[in-house]
Amino acid sequence: MDNNILLKIDEITKFFGEHKVLNKASLTVEKGEIVVVLGPSGCGKSTLLRCINGLEDIQGGSISLDGNVITQKDTRWTEIRQKIGMVFQSYDLFPHMTVLQNILLAPLRVQHRKKQDIKEDALKLLERVGLLDKKASYPSELSGGQRQRVAIVRALIMNPEIMLFDEVTAALDPEMVHEVLDVMLDLAKAGMTMVIVTHEMQFAKAIADKIVFMDNGEIVEISKPDIFFNNPQTERSQRFLNKFNYTEKR
Amino acid sequence: MDNMGLGIIFEGNNLLRLLGGLWITIKISFISVFVSIFLGIILGMIMTVNSRIIRVITKIYLEFMRITPQLVLLFVIYFGATKVFGIDIDGQTSAFIVFILWGTAEMGDLVRGAILSIPKHQFESGTALALKKHQVYLYIIIPQTIRRLIPQAINLTTRMIKTTSLIVMIGVVEVLKVGQQIIEANRYTAPDAALWIYGVIFFLYFIVCYPISKAATILEKKWASN
Ligand SMILES: Nc1ncnc2c1ncn2[C@@H]1O[C@H](COP(=O)(O)OP(=O)(O)O)[C@@H](O)[C@H]1O
Ligand SMILES: [Mg+2]
């Protein structure tokens, strides 16, 4: 049972200066599990994800991946980060490289894989997200939704054990949200372990194995989606959901 | 009578002398630009360091170089150094010193701006892809910085070429000075020489600077989209 746990976040605390942004947050993610993190803006969702791949350091607690603590001074982040794919909210493709060059950069320079092999992989992945014909395009020639799909491919080609998604559809025009969410649903079906921060409630309900609700730097509730959405266990989650339904209806 | 002024240009070795003067202009500006680019890149990277003291010092240097007219700087170095330190610096050396000090300041500021204009998430996506810090710089940050920089650096180059005309004032015989000498020598035989000579000098500056600024525009257009 325990060796099924891929990621274990144990009471982590994070400060930005005096400001405590994460307060003893704990969460475990099993292999193949899909965890959706919800919560009001500014509650620390992005920071939680960024701590997992070492973009932020923590001031208390620990994080383990595959049973190894990765929040130590001598953590070899180059190795760890290959196992953790991350896609951000901002369109973060490298603007001076084509789609294919964007995808091949890390496997070539970090993993030192053979160009021929990874190119084949890249083309397969591009086909899977419906962007094979864009392989020679520059990011400026793509729509927001297309860029995010390329960003997903760029992370996937490293063969990560877990994918982190930080509001990847939040900056998209509404008509493009679906093409990105569909790719994530497809990954879920293929058994990828994922931690997803999103404001798309329907999507969260559909994809999540478990919902994590955060507020003010704390993890307030962890529930199965049907419980969370129909019968939230804390007053704070209830208030959050009420507000959301209200804004969604408008 | 009509063509006297124009004729002066082709008289004797006048045209050759003008081109010789132009060569001095080009030599001083290109060497200054080259050294300034090199030192400016280093200065610019230093300017992005997160230290108050360094920021303040570099800012004072930059502002000082911008506020002071280049002519004043030339006088300070050429005449001042001789008086105060008793070192005898010739005109060309003074010109190099002033243009490199000025060019490095301007170039440093361009480099600083270019580095800071790269969004933070470009660093972060590279890092998240497991690239090491030097790889993030090598493959992601520096190529984008250079693209932003080259058009501006070229504009700075043409500005420096034009500003070298000031070194006449400290006795360097460059293209403008040669022109003046020719005009002087023919004051009585061809009173309208000034117009023609300055016209030719204008044309010489133009053929040096125009291709350079044209290149800047083309690169800017080419890279604007990606
Ligand atoms: N680099 C930073 N420096 C200082 N404060 C930060 C920084 N990043 C985030 N914060 C603060 O930390 C809190 C949590 O931010 P974030 O994790 O981005 O929230 P969320 O993703 O849930 O909207 C916010 O109050 C935010 O202002
Ligand atoms: Mg966020």
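Gln135(B) is buried in this predicted model, with a relative accessible area of 11%, where buried means under 20% relative accessible area, exposed over 50%, and partly exposed in between (1.4 Å probe, protein chains only). The residue belongs to helix α7 of chain B, residues 133-163, helices (H or I, at least four residues) and strands (E, at least two) being DSSP runs numbered from the N terminus. Apart from residues up to four places away in sequence, Gln135(B) touches Ile140(B) of its own chain and Arg109(A) and Val110(A) of chain A, contact meaning heavy atoms within 4.5 Å. Residues are numbered from 1 along each chain as its sequence is written, and chains are lettered from A and ligands numbered from 1 in the order in which they are written. Because the model is predicted, local features need pLDDT of at least 70 and side-chain atom pairs count only at pLDDT 80 or more, while totals for chains, interfaces and linings use all residues; side-chain values use heavy atoms, with hydrogens and water left out.

The contact between the two chains draws 25 residues from chain A and 20 residues from chain B. The area buried between them is about 1,900 Å², of which carbon and sulfur atoms give 63%; this is the accessible area (1.4 Å probe) that two parts lose on being put together, summed over both. On the side of chain A, Phe94(A), His96(A) and Arg109(A) lose the most area to chain B, together 28% of what that side buries.

Across this interface the rule finds 1 salt bridge, defined as a side-chain nitrogen of Lys or Arg within 4 Å of a carboxyl oxygen of Asp or Glu. The salt bridge between Glu124(B) and Arg50(A) has its closest N and O atoms 2.7 Å apart. In chain A, at least two residues of the side that touches chain B are supplied by each of α2 (77-83), β6 (84-87) and α3 (99-109). By class, that side has 14 nonpolar, 6 polar and 5 charged residues, where Ala, Val, Leu, Ile, Met, Phe, Trp, Tyr, Cys and Pro count as nonpolar, Asp, Glu, Lys and Arg as charged, and the others, Gly among them, as polar.

Just after α6(B), Ala130(B) takes a positive phi of about 75°.

Chain B as a whole has 9 helices and 0 strands. Its radius of gyration is 22 Å, well over the 17 Å that the globule rule gives for 226 residues, so chain B is more spread out than a compact globule; the radius is taken over C-alpha atoms, and the rule is 2.2 Å times the number of residues to the power 0.38. Along the principal axes, the C-alpha atoms of chain B fill a box of roughly 75 × 45 × 25 Å, and 42% of its 226 residues count as buried.

Elsewhere in chain A, Asp215(A) is found in strand β9 (residues 210-215) and is buried, with a relative accessible area of 19%. Beyond its neighbours within four places in sequence, Asp215(A) is in contact with Pro40(A), Cys43(A), Val220(A) and Arg236(A). Pro174(A), in helix α6 of chain A (residues 174-189), counts as exposed at 66% relative accessibility.
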